[in-house]
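Got a model open and wondering what to look at? Let's walk through it together.

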Amino acid sequence: ESLGYTDYSIQKFFESASKEDWYQNTLFVITGDHTQKSDNPQYQDDLGHYRVPVILYHPSLSQKQWPAHDTNRPIQHADIMPTVLDTLDIPQDKLSKVGSSAFSNPHDAFVVNRTPEGYWYLSSHLIKMDLNHKIKDHADENEKLRMKAYMQYYVNGIIENKLFK
């Protein structure tokens, strides 16, 4: 029922918005902040509990005009701002090491998440770290170091209010 209502609401929004002057020049970003309850096994694991759609829609762009991208590439909410800037071809200084465009190299893609049990890092595979900073998985040493470095950068950036320029 919630998906049906969401679909109906988005349809009504776009019917109304499409009549506005700004519609053809607007990039719409549609996402969720959490998943819904589901019996689908795809949503019953560590990743599934946090899997939400990120949809970009620009009425004046045809499907062929979008930058090349891998729809299986993992992205996170921190990637939305760089992706929007990239989509609109707006030059960007490196504002932060948090987030990258969904249209950039998929081999560099990673997602980090904080859960009640600790943290997880998804790049080539899932790595979990508990609240005592002990990595539970048999991960490549470089990936372990990358995860720890990212966590240190992020946590210190939040504490010192220096995450973004």
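What follows is a set of questions and answers on this predicted model.

Q: What pattern do the helices and strands follow along the sequence of the protein chain?
A: Start with the parts: the protein chain has three helices and five strands. Reading along the sequence puts them in order, and the pattern is α-β-β-α-β-β-β-α.

Q: What percentage of the residues of the protein chain count as buried?
A: For scale, the C-alpha atoms fill a box of roughly 55 × 40 × 30 Å along the principal axes. The chain exposes about 11800 Å², with carbon and sulfur atoms supplying 52% of that. Buried here means under 20% relative accessible area. Of the 165 residues, the share that passes is 32%.

Q: Which residues is Ile127 in contact with, leaving aside neighbours within four places in sequence?
A: Ile127 is one of the core members that touch the most others. With its neighbours within four places set aside, the contacts of Ile127 are Tyr119, Trp120, Tyr121, Ile135, Asp137, Ala139, Glu143, Lys144 and Met147.

Q: Is Phe110 buried or exposed?
A: Phe110 forms an aromatic pair with Tyr150, with 5.1 Å centre to centre and 80 degrees between the planes, which makes it edge-to-face. Phe110 lies in the loop between helix H2 (80-87) and strand S3 (111-115) while Tyr150 is in helix H3, so the pair ties together parts 40 residues apart in sequence. Tyr150 has 10% relative accessibility and so counts as buried. Phe110 has 16% relative accessibility, so the word for it is buried.

Q: Why is H2 largely enclosed by the rest of the structure?
A: Check the helix residue by residue: Ile80, Pro82, Thr83, Val84, Leu85 and Thr87 are buried. The buried residues of H2 pack against strand S1 (28-31) and strand S2 (54-57). H2 is largely enclosed because the count of buried residues is six of the eight.

Q: Which residue forms a salt bridge with Lys144?
A: Side chains of opposite charge can pair when their charged atoms come close. The structure holds two salt bridges. One joins Glu15 and Lys12 at 3.5 Å, N to O. In the other, the closest N and O atoms are 3.4 Å apart, and the partner of Lys144 is Glu141.

Q: Which helix holds both Glu15 and Lys12?
A: Glu15 is partly exposed at 36% relative accessible area, and Lys12 is partly exposed at 39%. They sit three residues apart, about one turn of the helix, and that helix is H1 (residues 2-17).

Q: Is Ile159 buried or exposed?
A: Ile159 is in helix H3 (residues 141-159). Together with Tyr154, Val155 and Ile158, Ile159 forms a nonpolar patch on the surface, with about 360 Å² of accessible area in total. The cut-off for exposed is over 50% relative accessible area. Ile159 comes out at 64%, so Ile159 is exposed.

Q: Which residues does Arg114 touch, not counting those up to four places away in sequence?
A: Arg114 is found in strand S3 and is partly exposed, with a relative accessible area of 46%. Its C-alpha atom is separated by 15 Å from that of Val52, 62 residues apart along the chain. With residues up to four places away left out, Arg114 touches Tyr119 and Leu131.

Definitions and conventions: Residues numbered from 1 in each chain as written. Predicted model: local features only at pLDDT ≥ 70, side-chain atom pairs only at ≥ 80, totals over all residues. Heavy atoms only, no water. Patch = residues over 30% accessible without salt bridge, like charges linked within 9 Å, V, L, I, M, F, W, Y side chains within 5 Å. Areas by Shrake-Rupley, 256 points an atom, 1.4 Å probe, with all protein chains shown as cover. Salt bridge = Lys/Arg side-chain N within 4 Å of Asp/Glu carboxyl O. Helix = DSSP H or I, 4+ residues; strand = E, 2+ residues; numbered from the N terminus. Buried < 20%, exposed > 50% of the residue type's maximum accessible area, 1.4 Å probe, protein only. Core = buried A, V, L, I, M, F, W, Y, C linked by side-chain atoms within 4.5 Å. Contact = heavy atoms within 4.5 Å. Phe/Tyr/Trp six-rings, centres within 6.5 Å; stacked < 30°, edge-to-face > 60°.
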